[in-house]
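Have a go at each task before you read its solution.

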Amino acid sequence: MQLHDAAGILRDGGTVAFPTETVYGLGANALDPEAVARIFEIKGRPRFDPLIVHVASIAQARPLVRRWPAAADALTRRFWPGPLTLVLPKADAIPDIVTAGLPTVAVRMPAHPLAQQLIELAGVPVAAPSANRFGGISPTTSEHVQRQLGDAVDLVLDGGPCRVGVESTVLGLAGSGPELLRAGGTPVEEIERLIGPVGRPAADPALPTSPGQYARHYAPRTPLTVCDDWREVALTGRTGLLTLRPPAAATPFEVVEVLSARGDMREAAANLFAALHRLDALELDRIVAVGVPDAGLGLAINDRLRRAAHERADVVDGVAP
Ligand code: TXA
Ligand code: MG
């Protein structure tokens, strides 16, 4: 019944936080500019950051865009529902506040049954950023959402922990060739196997192709250092370690968060944000994160770690930009 309430809230211009397979989203009716404005207000997010429009089917996405290239066909058949967002020329029906005035719109069909049912029941496309305060750590449980946004949201749906754990891959299809705008839950290598080479625009924080490229993002309050090997980092104070696999020997860290004991990148991605939330809650002096192999989901994990560390001038070689 909560699902019906949630769908009603969306139709009436309210906001609902809901689970997806990647992270929790903060949703509003994408066709209602005032409802979308509420999202920015709740997140404390600058108006110029465009939102992803979530749909329950490929058919629901088509009228939202002006062009549907062959690549969109191939990609959605293969990867939807799933952690892949496509950026395409927008149809007039999409309000400017959703796209931050851009002529393109990001669309995605999430692979979580609650998300799909919610969108279907609401009967409207749902604009939703990750359900965290702007710049904060993305939420992968409903508790994370409660803690960051709490009463500001009309309803928070609980669907348990998110399976993928990092946001969707954002792929630009509105230009002359496909471009990776954000590494995420769908490995870019798998996309390239299907449609050929994907461009990787250099991330320029001053002029982002996709505002998700803003350097500092997904950040804990605790200063975070990214490194290749924690033994190369000078340690002072109470420090926590974030690492893919368990350290081989005893470490000087107050606490160690292991992302996947068997080094499985899917498991690691699914655990990443929850581990950051836990470390951040300990009021440590520093978090030291060891970068992971830069392939597949590792690309998305390293990207999030780099952004979490940025502008603190404490990125130690290796996975630094
Ligand atoms: O997995 C996800 O994508 C999650 C769940 C909730 O679906 N959503 C999410 O939304 O991560 P958000 O708002 O935190 O990130 C959306 C990303 C940003 O990097 C944004 O700049 C990019 O998509 N984006 C949205 N519309 C765009 C557009 N028209 N052109 C380029 N980039 C766009
Ligand atoms: Mg986000």
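**Exercise 1.** Find which residues in H1 meet which residues in H6, then work out how the two helices are arranged.

*Solution.* Start with the contact, meaning heavy atoms within 4.5 Å. On the H1 side you'll find Leu3, His4, Ala6, Ala7, Leu10 and Arg11, and these meet Leu114, Gln117, Leu118, Leu121 and Ala122 in H6. Sorted by class, that contact has eight nonpolar, two polar and one charged residues. (Ala, Val, Leu, Ile, Met, Phe, Trp, Tyr, Cys and Pro count as nonpolar, Asp, Glu, Lys and Arg as charged, and the others, Gly among them, as polar.)

Next, the geometry. H1 covers residues 2-11 and H6 residues 113-122; they pack at an angle of about 50°, with their axes 8 Å apart. Axes here are lines fitted to C-alpha atoms, for helices over the stretch in contact, and angles run from 0 to 180 degrees between N-to-C directions. Under 35 degrees counts as roughly parallel, over 145 as roughly antiparallel, 65 to 115 as roughly perpendicular and the rest as oblique. H1 and H6 are therefore oblique to each other, and their crossing is right-handed.

A word on the ground rules: this is a predicted model, where local features need pLDDT of at least 70 and side-chain atom pairs count only at pLDDT 80 or more, while totals for chains, interfaces and linings use all residues. Residues are numbered from 1 along each chain as its sequence is written, chains are lettered from A and ligands numbered from 1 in the order in which they are written, and side-chain values use heavy atoms, with hydrogens and water left out.

**Exercise 2.** Which residues touch the most other members of the largest nonpolar core?

*Solution.* A nonpolar core is a set of buried Ala, Val, Leu, Ile, Met, Phe, Trp, Tyr and Cys residues joined through side-chain atoms within 4.5 Å. Buried means under 20% relative accessible area, exposed over 50%, partly exposed in between (1.4 Å probe, protein chains only). The largest core holds 73 residues, and Leu86, Val107, Leu242 and Leu272 touch the most other members. H9 (residues 265-280) gives the most to this core, with eight residues. Now zoom in on Leu272: leaving out residues up to four places away in sequence, this leucine touches Val166, Leu242, Leu259, Ile301, Arg304 and Leu305. There's also a second, separate core of 17 residues, including Ala7, Leu118, Ile119 and Ala128.

**Exercise 3.** Is valine 292 buried or exposed, and what about glutamate 34?

*Solution.* Valine 292 sits in the loop between strand S13 (286-290) and H10. At a relative accessible area of 6%, valine 292 is buried. Not counting residues up to four places away in sequence, valine 292 touches Leu244, Met265, Gly298, Ile301 and Asn302. Glutamate 34, placed in helix H2 (residues 33-43), has 68% relative accessibility, so glutamate 34 counts as exposed.

Notes:
Helices (H or I, at least four residues) and strands (E, at least two) are DSSP runs, numbered from the N terminus. A crossing is left-handed if the near helix is turned anticlockwise from the far one by less than a right angle, and right-handed if clockwise.
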